[in-house]
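Subject: Structure handover

Hi,

Here is the structure I promised to pass on. Please open it and keep it beside you while you read my notes.

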Amino acid sequence: MPSVTVRTMTDAECDAWLGELAREYAEDQVLAGRWPAEGAGARAEEENAELLPDGPATARMLVLRGLDEAGAPIGRAWVALDHPRGAPGVAFLYDIEVLPERRGEGLGRALLQAVEVETRLHGAAALELNVFGGNRTAIALYGSAGYEVVTQQMRKAL
């Protein structure tokens with residue numbers, strides 16, 4: 001497996017990432033039928049601004065850049081050290097992504113492991129995440145990395 005390390009994003013990296021993250025998050029919410037398309041982008045930006053008011057310097061948040069062995073950026077991750085629903089000792093992974101041009105190199109698993117190590121170093125005993133049901137690649141990765149389903153939402157079109 002490739003070696004990946006993580007470091008805190010710079011302000012400039014975070015600013016660029018937040019715009020892209022909001023767009024992707026809004027698209028996912030619309031596709032999942034949770035939000036209407038109209039206003040989804042603004043809603044995503046507002047939610048991110050609430051959670052990360054100080055960008056990468058926001059207390060109790062890890063806003064990370066993944067780096068390969070040569071120090072080149074390969075991805076990013078965002079972890080809340082305090083679970084959004086208050087689960088004690090459980091951090092929450094809001095986002096993890098390997099850059100599109102670096103996918104297929106086995107970096108996703110390595111990035112996930114680096115994020116887990118960093119999260120543990122900050123005192124978390126567990127890491128939880130949500131994944132959209134249609135994201136089969138991510139579901140397979142998380143399952144093979146030892147993540148278990150703890151809650152599940154289901155829907156049927158009527």
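Let's start with a question. With which side chain does the side chain of E128 make a polar contact? The partner is the side chain of R85, at 3.0 Å. Before you go on, remember that this is a predicted model.

Find strand β5, which covers residues 126-129. E128 lies in this strand. Is E128 buried or exposed? Its relative accessible area is 18%. The cut-off for buried is under 20%, so E128 counts as buried. Now look at what surrounds E128. Setting aside neighbours within four places in sequence, E128 is in contact with H83, R85, V90, A91, F92, L93 and V150.

**Helices α1 and α2**

Next, turn to α1 (residues 11-31) and α2 (residues 40-51). Their axes are 8 Å apart, and the helices pack at an angle of about 125 degrees. Angles of 65 to 115 degrees count as roughly perpendicular, and those over 145 as roughly antiparallel. The crossing of α1 past α2 is right-handed.

Which residues meet here? From α1 come L18, L21, A22, Y25, A26 and V30. From α2 come A40, G41, A44, E45, E47 and N48. By class, this contact has 8 nonpolar, 2 polar and 2 charged residues.

**Helices α3 and α4**

The other pair to look at is α3 (residues 107-121) and α4 (residues 136-144). Their axes come within 11 Å and cross at roughly 55 degrees. How are the two helices arranged? Angles under 35 degrees count as roughly parallel, and perpendicular begins at 65. The pair is therefore oblique. Here, too, the crossing is right-handed, with α3 passing α4.

On the α3 side, the contact involves G108, R109 and L112. On the α4 side, it involves L141, Y142 and S144. The residues divide into 3 nonpolar, 2 polar and 1 charged.

Last, go to the loop between α2 and β2 (61-67). R60 sits there.

Best wishes

Technical notes. Residues numbered from 1 in each chain as written. Predicted model: local features only at pLDDT ≥ 70, side-chain atom pairs only at ≥ 80, totals over all residues. Heavy atoms only, no water. Axes fitted to C-alpha atoms, helices over the stretch in contact; angles between N-to-C directions. Helix = DSSP H or I, 4+ residues; strand = E, 2+ residues; numbered from the N terminus. Left-handed = near helix turned anticlockwise from the far one by under 90°. Contact = heavy atoms within 4.5 Å. Nonpolar A, V, L, I, M, F, W, Y, C, P; charged D, E, K, R; others polar. Buried < 20%, exposed > 50% of the residue type's maximum accessible area, 1.4 Å probe, protein only. Polar contact = N/O pair within 3.5 Å; in protein donor to acceptor, adjacent residues only side chain to side chain.
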